[in-house]
Amino acid sequence: MPSSALDGVTVIDLTQGIAGPYCTRLLADYGADVVKIEPPCGDAARGMGPFLHDDPHPERSGLFLHLNTNKRGATLDLRTATGRRILREMARQVDVLVHDLAPAETAALGIEYATLRQDNPRLVLTSISPFGQTGPYRDWQTAEIVVYAMGGPMFATGVPDREPVKLGGNVGQHHAGACAAAATAIALWTADTQGHGDHLDVSMMRVQAASQDRRTTMFIGYQYTNETNQRRWAGSAPGGGVRPCADGYVNINGSAARFPMLARMIGQEELLHDPRFNSEMARSRPGVSEEFDAYYIPYLMGFTKREAFAVSQEHRIPSGPVYDMADVLADPHFQERGVWQRTRHPQMGEVTQTGRPFLMGETPWALRRTAPALGEHNAQVYCGMLGYAPLELAQLRIAGVI
Amino acid sequence: MPLPLATPLPFDGIRVLDITNVWAGPHCTMLLADWGAEVIRVESTQVMAPNTRGHMVKVAKETPRLRKNWQMEYPDWDPGERPYNRYPIFQSHGRNKKGMTVDLRTEAGLRTFHQLIAVTDVFVENNVPQTIEKLHITYEELRRVRPDLIMLRMPAYGLSGPYKDYRSFGMQLEGTAGHTHIRGYADMDATSCDDVYMGDAAAGVSGAFAVAMALRHRHRTGKGQQIELAQVENFLPYLADPIMDYTMNRRVWSPLGNRHPWMAPHGVYRCRGEERWVAIAVANDAEWRALLHALGDPPWAGDSRFATSLARWRNQDVLDLLIEAWTSERDAGEAMRYLQAHGVRAGHVMDDRDLDDDPHINAAGFFQQLTHADAGTHRYPGLMWTAAETPNAIRTPPVRLGEHNAYVYLDLLGVAQAEYNERTQSGEIGEAYALHVP
């Protein structure tokens, strides 16, 4: 049995919602033993849909299942002094502690880095928060739409004369979680090679502002020209952007240097000699895209999105179909590569979810367990990991600490 | 000049060889370079990799200003003598790296590459698989030269399956992953969806995560490995909400615009001035009461259409008009600060200038001023996160084509001066593209 990449790494996870749990999900996916600590009322994500059969139930949230697969789960009431003492005890013996608390809450719980470091100098403390641990916005609240508005390129997403539009789903929060996982893995490497821990401050706003989406490039463009970017009509370059086809839409990148390939693909090679299209300058004119569409769209209407995807790839032009989720799940490439994982969940039955984000040759990804029920591993964690006697566990239960 | 740092960085002493293009791969190696690795970009003076240092080498002086495309905004709209050292996309990830040129299509070039691999810890590439395989620079070949090599391959669709050699940028594979379909305006079709590159951002970060773990494994076992990161697959888990709704309930999401499956109000609202907007999201009754309080408990506060979260969700059209009546008389930044002070999730939709001026991100010292020999002095976005025990900053500006040829060939590989001169004469070693490159 090959070992996993984060073999032997222990993680205490105090996070809720999306960003923090996605970080620890990734650590758990690659072999860390992640103990998710929930308040007795449960992670807020247990109340977030989608739910199985649209029936809201704390053990039937598909989002919670996705975010917490491969973790163990325990409950602990940090509002009690005993709860806080137990947390300190845990932080002494693990490699990583991840939380998504505001600085004031961290202080109230007694888990500031300066304190924890004294107990455990190799501890990696990963703080994930809307705006970071310092600065004027440090105590503010956020939401997916706020993350993208403040840090991301939302101002330039959408069309002119309409409101800016957010991205779909919760991709910004997932991205903050992925960054936190990368930062944590780098700090674990430092702990291994230099012998000290670290405190990582992952701000969702900053992650967006530093991301290699268009944001950083646009910002540099603004610095270079003193002009801010605007929303623009999609596909304003001829042959670039989403276009209709027989059964939906396809996105073929046939603009700029690839324009000649696109003209050949649609059987209109003579357009390359047409003064309207025969140079980069000509193809930069306003309205040129619509002129070309008169040739291009009738051609695409002869193909389904899958066919248009395949034909454009035969011509070596970057492209992708605009799939809905039924298309994504039915796609033969994803199926053949084993992207989807089927698991059995005690409350939800057989569930299909995404598996590995990437494949590591020597240290494979493994699905070891489904998401924990609330407090499912209390006995394992308190008796096994912390060495409490069964009687003490019962006492904690009676006192409402777990 | 590199800034001296007091504490060692995590990847000090780790060498990374980088044949990456566009965004996803370069973003990954940027993160490795940011945290201390010596990243050497391997580039060619004979072929221009598309969309990395530009669309083309020869850029007509007029096109950038005519096109006003965010990726073409050269300093002062001027492509300059070396546009490839001034291209905003490259400038966004080229920092902290070194650069050399070699022609991998020649025997001498491939030999140089193997010599480099022998002194390399991590090799990263994100090309179409057949491109790399044709050059015989596969893991099986390279591990003979460097047995404990870590090789990260990050093509669009992976190293197997029907789409193995398919080409996609982030914006196209985002469509294959099902994101494009759900992110537009609810009342417009998919042709209104502009280009978004979230898949690149996601792949870059995951690549760095994977490399850090592989280094840890090598440190413990002495073994390297190949990592296969299919960019489209890496992006799928980000779309858990619509995926799970489909697999559990067979519901196919359509675009929601700025609306939310269960929160209301939830949207961006027009503020005073042109193109000024504030985003507001209300998740529960307590936040709803906070919003009403912030708005001065308006006459419609007790309207039965807004009494429960479900009622608010059903009556969003009316609700949005009432909220916008309030925001449209206010400055966007002021509305954000006022609403946040009242416990409402709110954010100013910041354009480039707003972000540049934002007091919070500047308090954290996010932007850094860099002087680049071909691009001048400007402010650049900085590190993605900070580490208390590891103070860090951008140390060198975006690398110019072939900037470190002498270091790589003469110092690192010990190539004889005569051979170096000869290969410089032939144009393989250089700081400019060959004249025939368009």
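Here are two exercises with worked solutions. This is a predicted model, in which local features need pLDDT of at least 70, side-chain atom pairs count only at pLDDT 80 or more, and totals for chains, interfaces and linings use all residues. Residues are numbered from 1 along each chain as its sequence is written, chains are lettered from A and ligands numbered from 1 in the order in which they are written, and side-chain values use heavy atoms, leaving out hydrogens and water.

**Exercise 1.** Work out how β1(A) and β2(A) pair, and how the chain crosses between them.

*Step 1.* Strands β1 (residues 10–13) and β2 (residues 33–38) of chain A pair in the parallel sense over four bridges. (Strands are DSSP E runs of at least two residues, and helices are H or I runs of at least four; two strands pair if DSSP finds at least two bridges between them.)

*Step 2.* One such link has A:V34 in β2(A) as the bridge partner of A:V11.

*Step 3.* The path from β1(A) to β2(A) goes through helix α1 (residues 19–29) of chain A, a right-handed β-α-β crossover. (Right-handed: with the strands pointing away from the viewer, the path from the first strand over the helix to the second runs clockwise.)

**Exercise 2.** Find which strands of the open sheet in chain B stand at the edges, and why one side of each is left without a neighbour.

*Step 1.* The strand order in chain B is β7-β8-β9, with antiparallel pairing.

*Step 2.* β7 (266–270) and β9 (345–348) of chain B are the edges; each has a single partner strand, so one side lacks a neighbour in the sheet.

*Step 3.* Between β7(B) and β8 (residues 277–281) of chain B there are five bridges, and B:W277 is the partner of B:R270.
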